[in-house]
Structures are given as structure tokens and as C-alpha cells.
Protein chains: 2
Amino acid sequence: MLEKIDLNKKLSKEESKQIMEELEGKLAYLQRVCKERKIPVIIIFEGFGASGKGTLINRLIYPLDPRGFDVYAINGESEDERLRPFLWRFWTKTPQKGRIAIFDRSWYRRVLVDRFDGVTKTSQLPDAFNEINAFERQLSDDGNVMIKFFLDITKKEQKKRFERLLENKETAWRVSKGDLKRNKHFDEYKAMNEEMLQKTDTEFAPWTIVEAMDREYAAIKILKVVTGRLEESIAAQKARSDQPKSASSIQDRVMKSSILSNVDLSLSLDKEEYKARKKELQNRLSILHSELYRRRIPVILGFEGWDAGGKGGAIKRLTEALDPRGYQVHPTASPNDIEKSHHYLWRFWQGVPKAGHIAIFDRTWYGRVMVERIEGFAAEEEWKRAYKEINDFESCLVHSGAIVLKFWLQIDKDEQKRRFDERTNTPEKRWKITDEDWRNRAKWDLYEEAVDEMLIRTSTTYAPWIIVEGNNKYYARIKVLETVVKAIEARLKEDS
Amino acid sequence: MLEKIDLNKKLSKEESKQIMEELEGKLAYLQRVCKERKIPVIIIFEGFGASGKGTLINRLIYPLDPRGFDVYAINGESEDERLRPFLWRFWTKTPQKGRIAIFDRSWYRRVLVDRFDGVTKTSQLPDAFNEINAFERQLSDDGNVMIKFFLDITKKEQKKRFERLLENKETAWRVSKGDLKRNKHFDEYKAMNEEMLQKTDTEFAPWTIVEAMDREYAAIKILKVVTGRLEESIAAQKARSDQPKSASSIQDRVMKSSILSNVDLSLSLDKEEYKARKKELQNRLSILHSELYRRRIPVILGFEGWDAGGKGGAIKRLTEALDPRGYQVHPTASPNDIEKSHHYLWRFWQGVPKAGHIAIFDRTWYGRVMVERIEGFAAEEEWKRAYKEINDFESCLVHSGAIVLKFWLQIDKDEQKRRFDERTNTPEKRWKITDEDWRNRAKWDLYEEAVDEMLIRTSTTYAPWIIVEGNNKYYARIKVLETVVKAIEARLKEDS
């Protein structure tokens, strides 16, 4: 894409001043509209060193209300960040609806500077490109306006700018050794940029190449693109909100496979055997936990299942064997107002564990395709899209080195009734049962259908679903413990 | 306190098993009550190396629902943490109401290991003790149950335990060089612990010394103290909720000093002078901003004032001169539900800037003594306590090296009316005016009284209030810019 660019575009001073003022007024207005309409905006700046990213960001934000945007300067990863999937630090910075996030360098570092420096290995590149495209698509699908600028200058111009900066004591620190090295090997680095632009120039997140030899010209181009994209997005959002929401169609019910109805719920264990195997498995797990820590392998365990299916009990038998400094349990309630104003995966990204730690989710991101689908909190197009989004999310986790297991605790409708009644009749257990549990029970068939579809669409080789026959609690707890122990053992063996 | 401790306490196995089971059942029950009653609990473990903190934390959490607590292991500070006040990493980890936070080592590191290692200088100790006591008092006042354990063993026992750990390849890594050094200089380190215990054993956050030679004995003592403290706190909370809330008294109105009514609102600047001085001050500020970054000085600017007082405009004239990668503007709206379930200062701690960065708060923690006081969101005892809490908070910031300035933008009631009308009548400005603004205006006198009291009680030498005569916007903006510039210049001079 870069070879087509004419880098000598210029504008006269008067021309540019007048155009600029007009664009600034428009941009200030559009920021307010985006705030009112709760449209989140992400603007990223990439490009060669000394191409003027800082200056041009300043020009862009000048007309903006400073209370409505954040600027993030992205450098090398901190230790905390290095221990997580590389997209973690960006997911956690995605804007709330109605706000603007501006990135001075971004996730593209992974396939640019880090690639050039050998921090990203060649074998990691295909995953990195896929994950970046999936990330941007997910955000775009969720209503984020994605605007990406690449600032282009020539090798000669870059050299001149570096020299000018180096002359002055107050600006010399801005030029790093890496900058000079990339100038020296400009063509090699440019080729990496070229490849990046081609692989990530998508319909939902297109690149704009900015001829940055002349800063006035560049500033105007940037404001023009931003105002243009915002206008388009606002118009599109208006058009969408005028249309009636498509009602949930029934045609997909044909795919009902009844995975759940084929589960053998008669499987059980007696108390003696349970106790003996629990002890043995917990001992193994306890040793494996230190080993995971030592080898910096993260583990993510998701628990889903019917209400009263035994999630809490199964989790407890796991954590009993774990060092509390090395795991965290994330109970997932209905999203709070901050969580609601982000992409639904955002809050789960917050809980992604550091390498060497275990994160246990009591209910998970699969709420999107169960409760949100059934209660209509997610539109049909949203939950249908979610299967792929979830697979992409879990694939990110696995690429970062994590073991990902998902448990579905299955019980039948009679067993649930029995447990609900027991809870209602036992004073110490009464807190466990709520009206909502009864309401959900009334929708058993709808849930069964949704769960079946979920299990089919999201059981992957890298992040499998484990269906746990749960009518007998002893059996269920041992199956969970054993699955976790075996998955960790298999992984440790593979790595050593 | 340590010299009175008999370290040879023991219990028989049968005795302890029976007591333990009973305590575990009680603790599981109390955890649920605390969750229901939204009581936050903080439990910290300090003590000599190898005194069994990890093991005893495991014993404590065994009966707990893992979805309701978090364990934090506190080691040296990360880079991100080093660049902020030392309490920052603990404030951000304080539990939501109804949850339990357990600290394996804690903020006491500052006056123990870090003191022993010379990381904390002797001159910093008095501030550290004061800040710790203020921190614990604030949390306790807000309803947190503070439980602090100190695990005590002898020098000889410690040496024996280290040797046992070192014998085994799998446990040897747990003994650090620092551990061995502290064992060698046990008496010196013990004296530091002794001083710490004396200085921080308070009514609201008392220490429990645990004789940790025998782990069964220690585990029982810990569970006894925790269940006892929780029972007390629950009873106290019940008693409080049975009492009617004390109505806001009027007696304090005598202190009305009318600082605000003495402000000279005729001060003004003409447009030409404004433009010239703005340019000059912004240029200076821009250079100072890099210097702040270079010298790693954090700056915190708080803006309060009447609605339509010109906060936004003043902030904009500041940020225009700043590098967006080095500042953040925090707009303060009504607290969201997560913020509401923490101490009111918690959300402002999240926004404390890294050393070298500027944080601008558009409305601040002073909401506690203004809107929360007037609307009754805070009880009288709560907002009265807040003056000291706020002074303590700002003192923490200043001790960490920050410049802290607070601006009150003053306009009179007529000027406010004029601006409200203008906003209502100008389509592009109409978004700025809400019904709430008119409601607040109706309470002008109540606010005036609250603001007067706030200005008197919280203007400190280290974090002064600057009253900005705001009827003329040009004058106000220049005063803000000039004050910031001068404060930074004074500080840079002082330091060099």
C-alpha cells in the first residue's frame, strides 16, 4: 500500500488554517453527539519513528473536550503485561461507550517493532495477525468506530528529523537506539509495515495512510478522516435505531442435537471411594499447582451448568488443593453499569490470569449465548456472532500458553427440583435459592436448546467442553478434579 | 508487646480437631452473614519468615466460600507501584462491601522488610506510621472489619525451619537471602517489629499476636479471633441499624465565615491581554511538563466550583499546553454501583497519577462534603469525619512527592443565571445544562455554607485551595494557568 503514496502533498498556510478551523468545530460537535449516542471510538496512530505521531495527536485532540477522551502511549510491556496474552493490555483499555481512546502506537507493536527486534518470533506472526483482526472485528461489531492512521515519511526525511532532535539536549532523549537501527535498516522495517498494512486492512477497520512529510497537510487529512468516519457511524447508528429489531427466528431449531439428553446421569460414586479419590487427586493437584507456577503456565477453568448443578461444590474441591496466592475465583453476576458500557468480553479480560496463576470463573462469558440470548439482553445477531467471538477469545488465551477447560454441570429436571426443595427446607441453605432460580427453571427447554447449540459451536480442540454428569455430586466432583489434574499433567509432559 | 508472649502453647490433637470443626462451621456461617449485611473484612498476616503465614492462611480459608474472598501476596513493588504513593496498591485492593480481602504480608512491609533493607529511610518512618494509621482508621470508620495477625516464633525455631526448607530441592527456593539475613540479625529485626506493633496497635485495628510455634494452636487462635471479631461487628452493625439516624444539626452554622462572599468578582482581563498572557503561560507550562516528567514529579489538580463556573474552560486551557501522553482528565460523575460499594476515596485512589504524570479531576473527593452532605447521601458523622480523611489523603499524595492544588471557581448567583440562560438559548451549548443544574441552584445557600466550611477545614499548607474569581472567564483561566505554572516552577527550584 505504501508504494502508491505521493509524499509531497502540501497546502498553503491560509488554505490550511481556514479548513482546519472548520474541521475543529465539526469534530467538537461530533464528539458530543458520540457521547450522547454512546458511540465508542478508537483511534490509533502507527507509522515510522519521528513521523510526527505526538504532534498530530495534539492537533487532533485540540478541539476535543478533555473529559471525554484518553490517550495511551504504548511502549514495551510491563512485567504484569508480559505475563498475560498480548491483547490483554489493550482490551482493558477499550473505551466506555461514548468515549474516545487514542493510541500512540498500539497492538501493532507486536507485528512491527517487536517483530523487528525479534521479541515476536516468525512462528508467532500468523496468530498475531489473526488475533488482531478478530479483536478489531469484535470491537467494530460491538459499535466501536475503528480509525487507524499510518504516518508515512521517507528514510531520508526520517534521518533528517532524527538529526535535528539529536542536536538539541532537550529533545535528544526522544531518539532511541532502536530508532536509529530502524532508520539504518529502513527498507527491511518498511517491508514489515507493508505486510502489516496488507494483512490488517479490513472493511471494519481500514487503514488510512497519511503523507506526513508536511504536518499541516497531515493534520487536515487526519481531522477529515475522523470527522468523516464519525459522521458515517452516527448516520449508520441512526438508521439502525429506526429499524425494528429482528425478532428471534425459530428456523434454527432444526439443529437441536440433544447432546444433553444423551448424558448418562446414573453415574455415581459411593462416599468411601469419593473420599479416597478426592484425597489422592487433591494431593496431586497441590503438587501440580507449584509446578504450574514454576513453569509459568496459566490455567483458566470455566464453570457453567444448571442452577443447583453443583458448580460451587466442585469449585470448592478444587480450591481446597490450591495455594490461595496462586488462584482467583471470579463469581459472575449480572453485569454492573460499567461492565454494561463495554464489550461483553471486557470484564472477562480483566480476570485473565497472569502466567503461572489459575483463574476459576463461576459462570462465564457463555452467559452471552445462554441467559442473554434467552432473556433478549443480546439481539439475535449479537449472540449468533458470539460463538465465533468466544472461540477467538479462547484461542487468544491458548496461544498465550494457557490451559483452558470448560465444564458443563449437567443434572436433570427432577434432580434440580429435589435440590431446590432441599434448599428451601434447610435454613442454612436457604440463602442459596432465589426467585430467579425458579424463573430460570420455567425456561428449562429454551435453555436446553441454547446449551446444546453452545456445546456444539464452542467445543474446540484447544478449549474443550467437559460435560459432567452431575446427579451424583461425588461423581461430579471427582470428574472435575480428575479432568483438571489430567489436563495439567498432559501439558507438563508435553512441555518437558 | 512481643516480650510477654509465651511461645510454648500447645493443644492435644483430639482437642484441637473438635474445636476446629466447630469454628469452621461458625466461620462459614459468618461469611454468609457478612455478605448479606454487606460488611467488608480485611485480614492481614504479618510475622517472622517461616512462621507459617501461608499454611495458616490455608487453614483460615478452608471453610470459606472461595467466591467471596481474595488472597493477596505482597512482595516488592512493581514499577507501576513504585511510581505512586505506597498505599496506592493497597487502596486499590480494599474489598467491596460484603467481601473478604486477606493479605499475606501487607502495607507493613514499608516499616519492616523495606526498613530493614534501607528501602524506607529513617526520615520516612514517621509519615509511614501516620499514613498507615490513618488508612486503617478510614477503612474502619467506613465499616471494614480490620483484623491483624502477627505470627511470632523464636530465632532458633526460625533457623530450624529454614534449614528444613533448604534441605529439600522443592522447598529450598522459598528461603531467600533476605530471610537468612534477617535470621542472622534477628534481634535488630525483632526490634523493628516491636516498634511497629506498638505504633499501630489501635482501638479500630488492633493486633493479635499469634504464638506460632505450634500450628494447631495458631490455627485455632486465628479462627477464634476472626469469628469473634466478625460476631462483634455484626452485632454492632445490627445495633446501629436499629437506631434512628441522627438528623443533621444546625448548631454548626455559627462557624459561617463567608469566605465566598468576600471574593472580589469584579476582577477581569480584556481579550488582547488574555490572549497574550495565555500564550506565554502555555509555552512555559509546556516546557515545565517535560521537566516534571524527567524529574518524575506527579501533579494532582482538583477543580470544584459552581455549576457553569468555568471548570471545563479552565481545564481546556491547561491541557492545550500539555503532552497528552502525560496527563489524564478524570470527570467525576455520581458514583457507579461498584464505586458505591467501596470507601468513597477508593475511586479517586484509582486515578492517582504515576510519578511524572498530571491528573486533573473535574470535580473531586470534595463531593463528600458538598453534594453528599447536602443531599444526605452521607450521614452527618460521615461528612464531618471526611475533612480529616481528605486532609490525610492529600497528605499521602504530597508525601509521595506530588504537587497538589485545588481550585474553587467562584461566580455569583446572577452570573450563574446569565450563563444558564445563555446555555438554554444557544443550541450548541444546550447539552451543557441539565435539570440538576437548576435543582442545585435552588440550594445555593446550603452549598455556600458547605463550601465555606470546606475551604476552612481543608486548606492546608501542603495542598492549598485557590479561590478563582470567575465572573470574568479570561481572568479566571489566566489565574488557573498562572497558579499552576508558578507552583511547578517553585517546586522545581526547591528540588534543584
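Contact here means heavy atoms within 4.5 Å. With that in hand, a look at chain A as a whole comes first. Among its contacts with a separation of 6 or more, 82% are made by residues 24 or more positions apart. The model is predicted, so local features need pLDDT of at least 70 and side-chain atom pairs count only at pLDDT 80 or more, while totals for chains, interfaces and linings use all residues. Residues are numbered from 1 along each chain as its sequence is written, chains are lettered from A and ligands numbered from 1 in the order in which they are written, and side-chain values use heavy atoms, with hydrogens and water left out.

Chain A holds 21 helices and 10 strands; these are DSSP runs numbered from the N terminus, helices being H or I with at least four residues and strands E with at least two. Its C-alpha trace spans about 85 × 55 × 40 Å along the principal axes. Of the 496 residues in chain A, 56% are buried (buried means under 20% relative accessible area, exposed over 50%, partly exposed in between, with a 1.4 Å probe and protein chains only). Chain A exposes about 22800 Å², and carbon and sulfur atoms supply 48% of that (areas come from the Shrake-Rupley method with a 1.4 Å probe; for residues, only the protein chains shown count as cover). As for charge, chain A carries 90 positive and 82 negative side chains, and the centres of the two sets lie 3 Å apart. Lys and Arg count as positive and Asp and Glu as negative, with His and the chain ends not counted; each charge is placed at NZ of Lys, CZ of Arg, CG of Asp or CD of Glu.

Over in chain B, two helix pairs can be picked out. Helix 1 (residues 13-36) and helix 11 (residues 215-242) of chain B pack at an angle of about 35 degrees, their axes 9 Å apart. Axes are lines fitted to C-alpha atoms, for helices over the stretch in contact, and angles run from 0 to 180 degrees between N-to-C directions. The crossing of helix 1 and helix 11 of chain B is left-handed, meaning that the near helix is turned anticlockwise from the far one by less than a right angle (clockwise would be right-handed). On the helix 1 side the meeting residues include Leu23(B), Leu27(B) and Leu30(B), and on the helix 11 side they include Ile220(B), Leu223(B) and Leu230(B).

The other pair is helix 6 (residues 125-141) and helix 17 (residues 380-399) of chain B, packed at about 145 degrees with axes 10 Å apart. This crossing of helix 6 and helix 17 of chain B is left-handed too. Among the residues that meet there are Asp127(B), Glu131(B) and Arg137(B) from helix 6, and Arg385(B), Lys388(B) and Glu389(B) from helix 17.

Now for some loops of chain B. Leu64(B) sits between helix 2 (53-61) and strand 2 (69-73), and Leu64(B) is buried at a relative accessible area of 3%. Leaving aside residues up to four places away in sequence, Leu64(B) touches Lys316(A), Leu27(B), Gln31(B), Phe69(B) and Ile100(B). Leu64(B) and Ile100(B) are 36 residues apart in sequence, yet 9.8 Å apart in space, C-alpha to C-alpha.

Arg109(B) touches residues including Glu46(B), Arg89(B) and Asp114(B). Arg105(B) lies in the loop between strand 3 and helix 5 of chain B and is buried at 14% relative accessibility. Although not a glycine, Arg105(B) has a positive phi of about 65 degrees. Lys38(B), also not a glycine, has a positive phi of about 60 degrees, but Lys38(B) is exposed at 55%, in the loop between helix 1 and strand 1 (41-47) of chain B.
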